[in-house]
Amino acid sequence: MRKTTLILLILTGLIFSMTTSVVAQKKVREADSLTPYWSLLDAGKAYREKWRGLQKTYLEMVKGYTRNLPDYDTSHDTNPTPQELFLAAAAGFRDVLATSIDDIELQEATWGLQESLNEYMAGQMLVGNDYLIKGLRVRFPSTGDPEDPDQLTLLTRSEQFFHEGITEIVEDLRTNPGTMRSMGEEIPGFKMFVRNSVASADLQGETIENELYRFTNLVERKAMAGNSKGKRMFFFGNVNDVDNFPYGNFPGKEDLDFNKNRIMDEAGRAEAAVQFKKSAHSTYLHTAVLAAVQNINDFDRNNGYALKRQIKDAQVVYDDILGGLNPLDLQGDFIPYQPVEHFLTFARNRINDAITAEGAAKNAERTYDVYKDNLTHTLRSQQENYLDRIVQMTGQSVGDLNLLLKEDRDTYLELAATSVAAGKGEMGIQNFTIEETVLSAKRAETALKQIPQKIQIENERNGTIASVISSNAEKMSALSLAEGIANSIRVEAGYSGGQAHHVFAVNPQSTIVGMLRGKKDILQAMQQVSIANSNSAATIKQLLLEQALAYLSVESAQKVVQREEARLDEMWAQLGRYISNYVGSREDMATYYWSNPAYRLDRDQLTEAAETSFETAMIAGFYAAKALEYLWSERFSNPIPGIDGGLPEVLSPSYDPYVRAESVFSAQFASLKAPNLKDYFGALHHWDMIMRQARNFKRETGIVVLSLRKDILGFDSNDSDYDHLAFKNFVSEHRIKGKNPNNDDLQIEFTIQIGDEQLFPALPNLKIVDIGINLMSDADRSIRGSADASPVFVDLIMLDEAVIRTFFADFDQGDDDLLTYNLEQARTLDKSPFIATVQATVDNYADPLPSANVGLANHSPACTRWVLRMKMNRGVNQDLLLKHLEDIELKFRYSYGKPAPVNYAW
């Protein structure tokens, strides 16, 4: 799981301590009309009177806020609670402010409303914070007081109390923020006085936080409670395995689909996501209101920046949920699987880191003004650069428009669109480029469309030419024939000797010559037609090639148009980013570093590092305390309870704030100022030292050998033959299918108790040192099925609950004080963290002889569900003949009394 923001709580008296002082003018009750409302306010304050004088305990204050006041008004059957009185007083003062026209009355009613709301918020924070403290075990189950409700209920109640406080105040804050004080005025000679009652002689009144600080705290605590509730739902509701033993088929037919998404292992995932979304959204909206009604310094002074961390915390876990993170395969109490020194060393080193980081953050605080000026200059430069680019792109001046306002941004974008359409700015030039590319595309398209027309014209032209040539050839042929015929006949007439005479001659060769010439003319014409057709076909092919090229030109032109349009779209998107960045830089300018630490001031970085180191150290400190508790089998407590009626012993005064392990979450500093982490670590050391002085029983060890057949399963009657047969039958019934098809696995479930002292002596802090196992064959036949004498592999798994005797156990009186730990529940036996694979002997022999197993060292042998399992596919197990198994001996070497010394070296 990614690092999550840990809850930082203010305990007990810190609820009413001064963090931000309110200083106001002298307030005197002069308006008689307001007397009833002042009476309501004063009566409500009774629940916490003389808190500093110790007449009332912290617990009495928590209960008193919502408890009916005794003898408040005898005319009522049920007296009101302080919570109700503060709300009634606020309503009365609010009505006066809405109706009065008297200046004195209005001023006094404003004071009264301020004090009523302040008292109400303080009470809501007191009770909600108490529930939140109890709900701290959100990450560490079963570590609260036994009488506490379940964790989810505690966190829900806490969130509800904070929510009620916010709901009653937020409307006043939104509609009339002037009623809420963010700080006090410095009035010469006037001491802090905020209580609206008759002033004391020296004008000294009660010192409390201002209203905006109170409201910010309510929002922050509600976010803490909401986020912690979400983590509780996500961590421990994420998986709900309802398998029956032996947890080997998850998910199985009996598992439930809680959120109806057809997935069996996401019971709490959807619900947790909704919780985080609601928490982050609520915190964000209230943060926006607080930022709007305060100036820069007041928001920072009143802890407004802490709200962003809660939103971020919710977002991180929300992203984890959506990303499919499964944070907790197993669940149960915190039980260490390594030496406590590891936890102590890690905690000590992390606390040192936190101390160093805290010092660096304080040094950075001193130079904050210098960095603030640098930031101002940087942001101004960025704003100018953004504006220049915006105008360059659009050709439209911003003018008097305020781009921080959405309405003005929309107006500017409309003006920019008109300017770009007119060809102004870089985007206008891009518009011209698009138009030019569109024209190119149209020209290519026109050329493409003209190709069929050109082909048609060519066809028509070629047909006309062919027709003309053919027609002329026929005419020329006829003419040639006619000429031939004409030339073939010669007729002459004349006189000779005075007589007329004529010559008629026929030349057939002339006719033949005419016919041949006519055929020649036709042949020549046909050749010309063929040539014309070939030329026309070539022309058409050329036009088709031009058509293909024109098609490619059209496609290319379309791509160019798309590219240029995409470039314009990107320019519009870039314009949006410039405007967004400009707005962001202006917001940063308005809020300096705390609203948006995007520009990484040194102070912001060091503060973040200090907070991260602090949270890491808190978690490490808590784990160290829980590991130490498990080492001692006793809860960390201040004062330390005595034994046999002895008086409790209190730790040193420096350690007063640390009353139990969860007190680490009340720490506000790494060192120096109390409460701090270094002192918490010192309290652990001091507690361990006193425990070693006050608790008896030095650390010693012992050995117990238990018969599974007789001591645990109870097959120990007077009839030994029956007992052996019963045990063999029991073994046979607990054989299950495994990976060895010829030899089934053995899996036996049993319980080991310590309350009756039959198996283990009544000694405090009794824990396992190591375990040995011996398999016993019956008298007739060995369970070994081969000559291989290697050790046998036997798994021992602990499930459900483990019980440990404390130093307060008194068995003779029947008042046994046992400490119960919920062991982590495994989805399968193999995933259990409480598993040990023991190399066992057969009839007290194996070669090589195995060493005792320490896999379950430091855990109690008293467990409600032990599982003994033999997988028969392992090594020598394959050949075992469990039908000849007579008994299984479990040899426990245990320690008791004080644990071994640990090193706290700083």
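**Close-up views of a predicted model**

Both Y630 and Y821 are buried, where buried means under 20% relative accessible area, exposed means over 50% and partly exposed lies in between (1.4 Å probe, protein chains only). The model is predicted, so local features need pLDDT of at least 70 and side-chain atom pairs count only at pLDDT 80 or more, while totals for chains, interfaces and linings use all residues. Residues are numbered from 1 along each chain as its sequence is written, and side-chain values use heavy atoms, with hydrogens and water left out.

**View 1. Y630 and Y821 form an aromatic pair**. The structure holds 22 aromatic pairs. Rings of Phe, Tyr and Trp (its six-membered ring) pair if their centres lie within 6.5 Å; planes under 30 degrees apart count as stacked, over 60 as edge-to-face and the rest as tilted. The ring centres of Y630 and Y821 are 4.8 Å apart and the planes stand at 70 degrees, so this pair is edge-to-face. Y630 belongs to helix α15 (residues 602-632) and Y821 to strand β8 (residues 818-822), so the pair links distant parts of the chain, 191 residues apart. Helices (H or I, at least four residues) and strands (E, at least two) are DSSP runs, numbered from the N terminus. K767 lies over the face of Y630, 4.4 Å from the ring centre. A charge sits over a ring if NZ of Lys or CZ of Arg is within 6 Å of the ring centre and within 35 degrees of the ring normal.

**View 2. H859 has a polar contact with Y630**. H859 is in the loop between β9 (835-842) and β10 (863-870). H859 counts as buried because its relative accessibility is 4%. The side chains of H859 and Y630 are joined by a polar contact of 3.0 Å. A polar contact is a pair of N or O atoms within 3.5 Å; within protein, one must be able to donate a hydrogen and the other to accept it, and residues adjacent in sequence count only if both atoms are side-chain atoms. Leaving out residues up to four places away in sequence, H859 touches I335, P336, Y337, Y630, K767, I768, M798 and F834; contact means heavy atoms within 4.5 Å.

**View 3. Strand β5 pairs with β4 and β10**. Two strands pair if DSSP finds at least two bridges between them. In β5 (residues 745-752), 6 of the 8 residues are buried. Strands β4 (residues 735-736) and β5 run antiparallel and are joined by 2 bridges; D745 in β5 is the bridge partner of I736. β5 and β10 also run antiparallel, with 6 bridges, and W866 in β10 is the bridge partner of F750. W866 is buried, with a relative accessible area of 0%.

**View 4. The loop between α15 and α16 (677-694) holds P639, L672 and P675**. Most residues other than glycine have a negative phi, and most peptide bonds are trans. The peptide bond from N638 to P639 is cis, with omega near 10 degrees. Another cis peptide bond joins A674 and P675, where omega is about -5 degrees. L672 is not a glycine, yet has a positive phi of about 70 degrees. L672 counts as exposed because its relative accessibility is 75%.
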